[in-house]
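User: Hey, I've got a structure open and I'd like to talk it through. Can you walk me around it?

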Amino acid sequence: MTMPCCNYSCATAAETLEWIHAIIQFIHPYSFFWESNVVNFLTDRLWEAVDQQWIDCLRNEPLHHLIQIPSGFFKDHWPSSLKKFITTSSSLALPRQQADLEKLLPNLQVALLNNVITQGMNQKKRHEIEALAAVVSSVAREVETDTVVDVGAGQGYLAQVLSFEYQLSVIAIDASSHHGRITDARAERIKKHYDSRMRKSSLGGRESSIPKTVTCCVLSSDMLKTLLKSEEEGDDKQFSSSSSSTNDSCSLLLTGLHACGDLSVTMLRTFLESEQVKAVVSIGCCYNLLSEEEDDGVCGFPISRGVKSTGLRLTRNARDLACQSADRWRALEKDGGVNNFELHAFRAAFQMMLLRYFPETLSTSPRIGRQGKALRRKQQRHPQQSSNCPPVHPHLHPVESLGNDDGSGRKRCALFEKFSKSGMDRLNIKEKENVDYSGIWKEAEPFTEMIGAYWSVRAALGPVLETLILLDRLLLLQEEEGVEVMMVPIFDPTISPRNMAIIANKKKKY
């Protein structure tokens, strides 16, 4: 099939569904990849499900080739079936290159943010806020509203830029009262600067308004609709909020920057179900947190009639995989790539240890969080501090760094033991004296050279699975009459990989 243009504004519901069907047909034979969890690489011998030619070929490839596979990279001498897998994955995934927003939205006006309003923002956050705020402001003008609801507002960065720089009335909703207090305090500091600037300008004594903060955990579209209605009517009794003037109009725009899990889906449903919501600009993330189907039939995926009719369901492992970023992989430096595969090897060997010594723990699908990342950062900060945490040589292939008989293998074993003890501590497991860390690592070591190959090929399905989830959301809106919708990559994917914005508004009735 011919893929639509990158902003996808020219596609119909039929074309979206055709794309979805092509993805489902492609991924079906590779369920052993997207239904698996790499922590079970050793316990379930996951490599045995992969074409032996692929493994034999890739286990000898240099690291910088492996980490480019999710971006569509391959070499001519690779097996033809592997090359076809990689090229098809790339062709079915959404283009992620940042769109030219000024061409896409002719009335777009990008405010250059000053150091006062960007205080506390890192480079990534500033990049995201600058682009998203400009898009939201443009869409708000198009639907003739100046009231924006920022769902999952966090510390209020987006809400404050929309309020102070774009003069929009903003309600910032977040589940954390702590975030609300931070937002209020930060907004008051920023307000002083903007009020001073306004007094010095030709606008005289006009004062800036600050975002209204609301502490509420939004669990459903009905809850969000009720909240919006209560705000419109001025009923603030049940919410923790600060005082500010909000527009009395019932015309609203919903937005959210990386609203986690079901929150992005709830925003889209609320847009469709609430008359007062005229537009939505949504950028989702954390697909792994999407709810699975419950008794009432409500779930985070699938949500469109078209995808529901296929009977496809994505497990948490598949949704975890959808969070992988090909651009982040490609940007990894050599040491980062080596450490990445090394940590996956440690985690897989740790799973072996749990199976052997703590089998009851595995029934809860244990997750040790960012333990691996923390360990990697510690190594990078103090590479020579401890013989138990040896630096990875910058020229070593991951196969070499993960275990040799010249001493580095013993060092890796010591690091594995440290990784395991930290993991047990996070899982509140009491250590047993008879755990043979050396024996487990010796048993795992011969297979660790295949982890890089396996993980890289599996990760090539990540952008395809994310595309499937996003197209499902797009199709939900396309299936409704009177809705104009497009999906646009509005961030630089190397800075912010979750860069696809779903932008929709309701057609005016004359």
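Predicted model: local features only at pLDDT ≥ 70, side-chain atom pairs only at ≥ 80, totals over all residues.

User: Okay, which residue of β4 is the bridge partner of Asp150?

Analyst: That's Thr255 in β4.

User: What does the side chain of Thr255 have 2.8 Å from one of its polar atoms?

Analyst: The backbone oxygen of Val281.

User: Which other residues does Thr255 touch, leaving aside neighbours within four places in sequence?

Analyst: Val281 is on that list, along with Leu132, Val136, Val148, Val149, Asp150, Val151, Leu158 and Met267.

User: Zooming out, how many strands are in this sheet, and in what order?

Analyst: It's an open sheet of 7 strands, in the order β3-β2-β1-β4-β5-β7-β6, and the pairing is mixed. At the edges sit β3 (212-215) and β6 (483-489), each pairing on one side only. On average, neighbouring strands are turned by 15° against each other, direction ignored.

User: Remind me, how do strands in a sheet pair up in general?

Analyst: Through backbone hydrogen bonds, either parallel or antiparallel.

User: Let's go to β2. How many of its residues are buried?

Analyst: 6 of the 6, so β2 is largely enclosed by the rest of the structure.

User: Which way do its side chains point?

Analyst: Ser169, Ile171 and Ile173 point one way, while Val170, Ala172 and Asp174 point the other way. As a rule, side chains in a regular strand alternate between the two faces of the sheet.

User: What does β2 pair with?

Analyst: On one side it's β1, running parallel to β2 and joined to it by 5 bridges. With β3, β2 pairs in the parallel sense over 4 bridges. Ile171 is opposite Lys212 there, and Asp174 has Thr215 as its bridge partner.

User: How does the chain get from β1 to β2?

Analyst: By way of α8: β1, α8 and β2 make a right-handed β-α-β unit. Helix α8 (residues 157-164) lies across β1, β2 and β4, running at about 175° to β2.

User: And α11, what does it touch on the sheet?

Analyst: Helix α11 (residues 262-273) packs on β1, β4, β5, β6 and β7, and its direction makes about 165° with that of β5.

User: Which helix packs with α11, and at what angle?

Analyst: That's α22 (residues 462-478), at about 10°, with the axes 10 Å apart. Angles under 35 degrees count as roughly parallel, so that's what we call α11 and α22. From α11 the contact uses Ser264, Val265, Leu268, Phe271 and Leu272, and from α22 it uses Arg473, Leu476 and Leu477.

User: Changing topic: where is Tyr437, and is it buried or exposed?

Analyst: Tyr437 is in helix α20 (residues 437-444). It's buried, with a relative accessible area of 5%.

User: What's it in contact with, beyond its neighbours within four places in sequence?

Analyst: Cys413, Phe416, Glu417, Ser420, Lys421, Met424 and Glu431. As for Lys418, which is 19 residues away along the chain, its C-alpha atom is 9.6 Å from that of Tyr437.

User: Last one, the whole chain. How many helices and strands, and what share of the residues is buried?

Analyst: The protein chain has 22 helices and 7 strands. Of its 510 residues, 55% are buried. Among contacts with a separation of 6 or more, 76% are between residues 24 or more positions apart.

Note on methods. Residues numbered from 1 in each chain as written. Heavy atoms only, no water. Pairing = 2+ DSSP bridges. Helix = DSSP H or I, 4+ residues; strand = E, 2+ residues; numbered from the N terminus. Axes fitted to C-alpha atoms, helices over the stretch in contact; angles between N-to-C directions. Contact = heavy atoms within 4.5 Å. Polar contact = N/O pair within 3.5 Å; in protein donor to acceptor, adjacent residues only side chain to side chain. Buried < 20%, exposed > 50% of the residue type's maximum accessible area, 1.4 Å probe, protein only. Right-handed = clockwise from strand over helix to strand, strands pointing away. Parallel < 35°, antiparallel > 145°, perpendicular 65-115°, else oblique.
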